[in-house]
Amino acid sequence: MSHAGAAEAGLLVLVDPVARRFDGESVRIAKDVLSAGAEAKICLPEGPEEFARALARRGHRRPVVVGDDRALARAVALLHRDRELREEELSLIPVGSPGSLAVARSLGVPASAVQAARAVLDGAVRRLDLLVDDSDGVVLRGLRIPAAAGVPVAGTAAWAGAPSVWSACRSLVRTLVRPPVGSAYAAQHRLRVEADGELLSDVDRLVRDVSVASREGFAEVVVRTSGGGRDPVTARARTVTVSGADFRYRADHRVTGPVRRRTWTLQAGAWGLTVPR
């Protein structure tokens, strides 16, 4: 789909405050390019609440986010919450540190703010999949559940005679200390992982890592278990459920949790992002 009609529709340019602080010159250039090619309303929200209000009042203007992956994810989440995501076309002008733009790069957004601004004006909309969880949260590309450090390996003497104070403190210790490889406190989980109802791993098997990523209309699941020589368990599914002991997961630069159960459902072609032709 072409954006030749951008001038008629108008643009709502939402400049994330982090982007303004990080690289004001790139922000200025992007605004100049957009304003030269279309009727653009520039908004400078100071926080998430102002960002949400401006996006909700966009009218018929196409939203353009100037910022990093977090700013893009915020816009997608807000439009999804209001059930307006599928009908909307989003654009991103990437401004931020390289580490904060990994999702943008993977989605095909140009690294240059100038090139991205030009794509807003004359690019095409790419339909993208979305992972939606049972609390209505969204994941743009993928998530990972790394095992927490400090879980004792069965059959060791690590817990023998442990004083009760350790029980009270172990959560803090886990966040501060990375145990040596092969120690009694190797990082692992006891999790139940299901893909479209099929059991991939149960709590009787120690899990080191679970990853879920959207791939061509499916959620690609990889479960890495403990134990030498074991290949990862993989599956392609529309729905993935992970449950068990409290776990945290990292999705699109955000860490969420702890939770004891979470289900993600793949929504194919759920949103549109402007990319170069």
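Biologist: What is the handedness of the crossing of helix 3 and helix 7?

Modeller: In this predicted model, helix 3 and helix 7 make a right-handed crossing.

Biologist: At what angle do their axes cross, and within what distance do they come?

Modeller: The axes of helix 3, residues 24-37, and helix 7, residues 113-122, cross at roughly 25 degrees and come within 9 Å. Angles under 35 degrees count as roughly parallel, and helix 3 and helix 7 are therefore roughly parallel to each other.

Biologist: Which residues meet there?

Modeller: Helix 3 contributes Ser26, Ile29, Ala30, Val33, Leu34 and Gly37. Their partners in helix 7 are Ala113, Val114, Ala117, Arg118, Val120 and Leu121. By class, this contact of helix 3 with helix 7 has 9 nonpolar, 2 polar and 1 charged residues.

Biologist: Let us turn to helix 4 and helix 5. How do their axes cross?

Modeller: The axes of helix 4, residues 48-56, and helix 5, residues 69-81, come within 11 Å, with a crossing angle of roughly 55 degrees. Helix 4 and helix 5 are therefore oblique to each other. Helix 4 passes helix 5 in a right-handed crossing.

Biologist: Which residues form that contact, and how do they divide by class?

Modeller: From helix 4, Pro48, Phe51, Ala52 and Leu55 take part, and they meet Ala71, Arg74, Ala75, Leu78 and Leu79 of helix 5. The residues of this contact of helix 4 with helix 5 divide into 8 nonpolar, no polar and 1 charged.

Biologist: How many cavities of 30 Å³ or more are counted?

Modeller: The count comes to 1 cavity of 30 Å³ or more. The largest cavity holds about 30 Å³ of space.

Biologist: What lines the largest cavity?

Modeller: Its lining consists of Ala52, Leu55, Ala56, Arg58, Leu78, Leu79, Arg81 and Asp82. The elements that give two or more residues to this lining are helix 4 and helix 5. In the lining of the largest cavity there are 5 nonpolar, no polar and 3 charged residues.

Biologist: Now the pockets. How much space lies in the second largest pocket?

Modeller: The second largest pocket holds about 240 Å³ of space. Its lining has 13 residues, and those nearest its centre are Val103, Gly142, Leu143, Asp252 and His253.

Biologist: A question on the backbone. Is the peptide bond from Gly257 to Pro258 cis or trans?

Modeller: The bond from Gly257 to Pro258 is cis, with omega near 5 degrees. Pro258 is placed in strand 14, residues 254-275.

Biologist: And Asp196: is its phi positive or negative?

Modeller: Phi of Asp196 is positive, near 50 degrees, in a residue other than glycine. Asp196 lies in the loop between strand 8 (189-195) and strand 9 (198-201).

Biologist: Why mention these two backbone features at all?

Modeller: Because most residues other than glycine have a negative phi, and most peptide bonds are trans.

How values were computed:
Residues are numbered from 1 along each chain as its sequence is written. This is a predicted model: local features need pLDDT of at least 70, side-chain atom pairs count only at pLDDT 80 or more; totals for chains, interfaces and linings use all residues. Side-chain values use heavy atoms; hydrogens and water are left out. Axes are lines fitted to C-alpha atoms, for helices over the stretch in contact, and angles run from 0 to 180 degrees between N-to-C directions. Helices (H or I, at least four residues) and strands (E, at least two) are DSSP runs, numbered from the N terminus. Angles under 35 degrees count as roughly parallel, over 145 as roughly antiparallel, 65 to 115 as roughly perpendicular and the rest as oblique. A crossing is left-handed if the near helix is turned anticlockwise from the far one by less than a right angle, and right-handed if clockwise. Contact means heavy atoms within 4.5 Å. Ala, Val, Leu, Ile, Met, Phe, Trp, Tyr, Cys and Pro count as nonpolar, Asp, Glu, Lys and Arg as charged, and the others, Gly among them, as polar. On a 1 Å grid over the protein atoms alone, a cavity is a set of points where a 1.4 Å probe fits but cannot get out, and a pocket is an open set with protein on both sides within 12 Å along at least five of seven lines; lining residues have an atom within 4 Å of a point. Grid points are joined across faces, edges and corners, and a volume is the space filled by probe spheres set on the points.
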